[in-house]
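This note goes through one structure point by point, for someone who has not seen it before. Please keep the sequence and the model open while reading.

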Amino acid sequence: MKPNNKQIFLLVSSREWHVKAFNEIKNTLPGEWHVITNKDKLSFEFLEKLNPKYIFFPHWSYFVSNKITNKFECICFHETNLPYGRGGSPIQNLIIENHENTKITALKMTEKLDAGPIYLQEDFSLLGLAEEIYIRSTKVIFGMIKKIITENPTPYEQKGDSVYFKRRSPESSLIKEDIKSIDKLFNFIRMLDAEGYPKAKIESNNFIFEFSRPALRINGIEASVKIKLKQI
């Protein structure tokens, strides 16, 4: 096991915007840092040799074994005021429910999804396109990371009734007939407008129409559309 002369921290994320933001501020962070972006690199054997004090997961959609979360202090970030909004696609579920503000919660990863004790919470706005929201959240999350590694807060148990969100599937991006207002359609398009997310779409017999960069106007919505041939 590595000697603990210098505190070691690990950042685990599959999103480019997190790695870019980390590279911009890493020289301001104390300790020795390592970054993992590939799920195959996150092995118990590697972590045991590294022996990090904290492992931060600002955005990670892959399974992390209980062996890892039981041995190491793993901290993830969830964009709801937990225990409200446990589960998948928090940003999208909040926006579709007409929330304009939320909290970003830093919590300890446990065997039960999004149920671990909380280290910190920060207020956060849901205005803008999904990618703008994620980029903006990155700055908040790294501020929380810096506070955690410098102040070592004691996590506290979640309180209140749990409300669960369902993770969205690619099929959920289809614009359906129950969307009957301009505001609801605008929210639907913007909440999916981020790298790596299936865009809001309409399908015909032969084509798929994908919408992005929506702008709310007095008489409707202006947006970019990409038209693809439907694969039969």
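1. The largest nonpolar core has 40 residues, and those touching the most other members are Trp33, Phe56, Ile75, Phe77, Ala106, Ile145 and Ile148. A nonpolar core here is a set of buried Ala, Val, Leu, Ile, Met, Phe, Trp, Tyr and Cys residues joined through side-chain atoms within 4.5 Å. Buried means under 20% relative accessible area, exposed over 50%, and partly exposed in between, with a 1.4 Å probe and protein chains only. Helix H5 (residues 130-151) gives this core its largest share, nine residues. A second, separate core of 20 residues has Leu10, Val12, Leu82 and Ile118 among its members. In soluble globular proteins, nonpolar side chains tend to be buried together.

2. On the source: this is a predicted model, in which local features need pLDDT of at least 70 and side-chain atom pairs count only at pLDDT 80 or more, while totals for chains, interfaces and linings use all residues. Residues are numbered from 1 along each chain as its sequence is written, and side-chain values use heavy atoms, with hydrogens and water left out.

3. Overall, the protein chain has six helices and 11 strands; helices (H or I, at least four residues) and strands (E, at least two) are DSSP runs numbered from the N terminus. Of its 232 residues, 44% count as buried. The C-alpha atoms fill a box of roughly 60 × 40 × 30 Å along the principal axes. Of the contacts between residues at least 6 apart in sequence, 62% join residues at least 24 apart, where contact means heavy atoms within 4.5 Å.

4. Which residues does Phe56 touch, not counting residues up to four places away in sequence? They are Phe9, Leu10, Leu11, Val12, Trp33, Ile75, Phe77, Ile145, Ile148 and Ile149.

5. The buried residues of H5 are Ala130, Ile133, Tyr134, Ser137, Thr138, Ile141, Phe142, Met144, Ile145, Ile148 and Ile149. At 1.5 Å a residue, the 22 residues of H5 should span 32 Å, and the end C-alpha atoms are 31 Å apart, which agrees. The expected span is 1.5 Å times one less than the number of residues in the helix.

6. H5 is followed by Asn152, in the loop between H5 and strand E8 (163-165). Asn152 has a positive phi of about 45° although it is not a glycine. Asn152 counts as partly exposed because its relative accessibility is 34%. Arg213, in strand E10, also needs a look: its phi is near 50°, a positive value in a residue other than glycine. Arg213 is exposed, with a relative accessible area of 59%.

7. The largest pocket holds about 900 Å³ of space. A pocket is an open set of points on a 1 Å grid over the protein atoms alone, where a 1.4 Å probe fits, with protein on both sides within 12 Å along at least five of seven lines; lining residues have an atom within 4 Å of a point. Grid points are joined across faces, edges and corners, and the volume is the space filled by probe spheres set on the points. The lining has 40 residues, and Trp60, Ser61, Gly88, Leu113 and Arg167 lie nearest the centre. Elements that each supply at least two lining residues include strand E3 (54-59), helix H3 (66-71) and helix H4 (90-96).

8. The second largest pocket holds about 270 Å³ and is lined by 13 residues, of which Ile96, Arg168, Ser172, Asp178 and Phe188 lie nearest its centre. H4 and helix H6 (182-190) each supply at least two of its lining residues.

9. The peptide bond from Leu82 to Pro83 is cis, with omega near 15°. Pro83 lies in the loop between E4 and strand E5 (84-87). Another proline, Pro90, lies in helix H4 and counts as buried because its relative accessibility is 12%. Not counting residues up to four places away in sequence, Pro90 touches His78, Glu79, Thr80 and Phe165. Pro90 and His78 are 12 residues apart in sequence and 7.4 Å apart in space, C-alpha to C-alpha.

10. Asn206 is found in the loop between strand E9 (200-203) and strand E10 (207-217). Asn206 and Leu229 are 23 residues apart in sequence, with 6.1 Å between their C-alpha atoms.
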